Structure formats: C-alpha cells, structure tokens
Amino acid sequence: MSAWVFSTRELGRRAGNMRSYHRTVPAPAEPVLGIDVIGVPAADPVELDVRLESVTEGVYVSGTVHARLAGECARCLDPLTDEIDVELAELFAYPASITDATTDADELPRVVDEQVDIEQIVRDAIVLGLPLSPLCRADCPGLCPECGERRADLAPDHGHETLDPRWAALRGLAVGEATPSAD
C-alpha cells in the first residue's frame, strides 16, 4: 500500500468519527510535483498532517502539507531553494452515496475499498501554491538582455550601445568626423 493511502476502516461510516495522522512520505519520482521552473524534487520528504473525518456522504480530508522546493530564479536563472506549506480540504465520496451518484468521477475523489489516496489532492494543492515566477531575492535584477551576464555582477555603468543602421551616417557628424559626400 502506498504511503499516500489512508485506511478509513477505523472511522466506520458514523458521521463525526475522526482520526489524525502525521506522515513523512517521499515525493513521487515521476512527474516531479511542480512546474518547470520550481517544484518538489523527486523522493524529497513531504510532511503530511492530515485529519480524516467521517461525514454523511464520505470522508472529509483536511490538513497541511510541508515540502522543500528547488528550482531556478525566473530572472537570473540561479538555483534556488524554498519551502512551501499548503492546506488540504477535500471530500472523498462514499460509493453508492448521493454525492457519488450526483457527481462525475473527475469532480470528486472517491473512497475505494475503505481507503483514500491523497496523492492527487496534495499534488494539486502544491502546484496551486507555487510561485509563477520564483525569485532568488525580491530585488533580483536579472540578466542583461544584450550580453546575458548577471546584472548583479556587472558594473553600474554597464551598457551596450545599439545604433540603428539608418542613423549610422549621422553618428559621424555628432563626433565631428567628416563623412564622404556624394558628388
């Protein structure tokens, strides 16, 4: 049985019964929890503090998830690490309940063989909690668009002169150079 799966057998189907669990499980190997720029590295520990409550229509799972993040800064592409804490709150419908009969299979997860598998709801919660543009620091200046060097490592007067080729003839006039005349 997967570490993401919890048995509901001890709860029974009596509304109001509750059990709390604390588990540390390895993050799934494929795919990594996250987005392209940042996510939970494969096999890293994911801490789960969850509560399973029996309700009339199923098992309500609530709690928190804590994990380490690894990725790269969206501006300068330096590696970065961070941590994430997200909340869980999901109803798992009992088979043959009114909720089971009135919802599509992809709307709500289901209690299967008196077990709930919380891996997908943890994945969803983590992805929704990730920053879209993670930064190594809030004032990260990023990369120079011309040379690709880190702006933090460049001199304050760093710059690149770009001149439109259509104005090249006038450039010589600005510095006092003579330009050939068209005779």
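**View 1. Salt bridge between arginine 137 and aspartate 139.** In this predicted model, the side chains of arginine 137 and aspartate 139 meet in a salt bridge, with an N to O distance of 2.8 Å. Arginine 137 is partly exposed at 37% relative accessible area, whereas aspartate 139 counts as exposed at 54%.

**View 2. Salt bridge between glutamate 114 and arginine 9.** The structure holds seven salt bridges. One of them joins the side chains of glutamate 114 and arginine 9, at 2.7 Å from N to O. Glutamate 114 lies in the loop between helix 1 and strand 8 (115-117), and arginine 9 in the loop between strand 1 (5-7) and strand 2 (18-26); the pair therefore ties together parts that are 105 residues apart in sequence. Glutamate 114 has a relative accessible area of 39% and is partly exposed, while arginine 9, at 59%, counts as exposed.

**View 3. Salt bridge between glutamate 53 and arginine 51.** The closest N and O atoms of glutamate 53 and arginine 51 are 3.1 Å apart in this salt bridge. Glutamate 53 is partly exposed at 23% relative accessibility, and arginine 51 is partly exposed at 36%.

**View 4. Surroundings of proline 45.** Proline 45 lies in strand 5 (residues 45-55). Leaving aside neighbours within four places in sequence, proline 45 is in contact with Thr24, Val25, His66 and Ala67. The C-alpha atoms of proline 45 and histidine 66 are 8.8 Å apart in space, and the two residues are 21 residues apart in sequence.

**View 5. Hairpin of strand 6 and strand 7.** Strand 6 (residues 58-72) pairs with strand 7 (residues 79-93) in the antiparallel sense over 15 bridges. Alanine 70 stands opposite threonine 81 of strand 7. Six residues lie between the two strands of the hairpin, in which leucine 77 takes a positive phi near 65 degrees.

**View 6. Alanine residues with positive phi.** Most residues other than glycine have a negative phi. Alanine 43, although not a glycine, has a positive phi of about 70 degrees; alanine 43 is placed in the loop between strand 4 (38-40) and strand 5 and counts as exposed at 55% relative accessibility. Alanine 96 has a positive phi of about 65 degrees and lies in the loop between strand 7 and helix 1 (98-102). The relative accessible area of alanine 96 is 77%, and this residue is exposed.

**View 7. Nonpolar surface patch.** Ile35, Val127 and Leu132 form a nonpolar patch on the surface, together having about 280 Å² of accessible area. Isoleucine 35 is placed in the loop between strand 3 (33-34) and strand 4 and counts as partly exposed at 33% relative accessibility.

Note on methods:
Residues numbered from 1 in each chain as written. Predicted model: local features only at pLDDT ≥ 70, side-chain atom pairs only at ≥ 80, totals over all residues. Heavy atoms only, no water. Helix = DSSP H or I, 4+ residues; strand = E, 2+ residues; numbered from the N terminus. Contact = heavy atoms within 4.5 Å. Pairing = 2+ DSSP bridges. Buried < 20%, exposed > 50% of the residue type's maximum accessible area, 1.4 Å probe, protein only. Patch = residues over 30% accessible without salt bridge, like charges linked within 9 Å, V, L, I, M, F, W, Y side chains within 5 Å. Areas by Shrake-Rupley, 256 points an atom, 1.4 Å probe, with all protein chains shown as cover. Salt bridge = Lys/Arg side-chain N within 4 Å of Asp/Glu carboxyl O.
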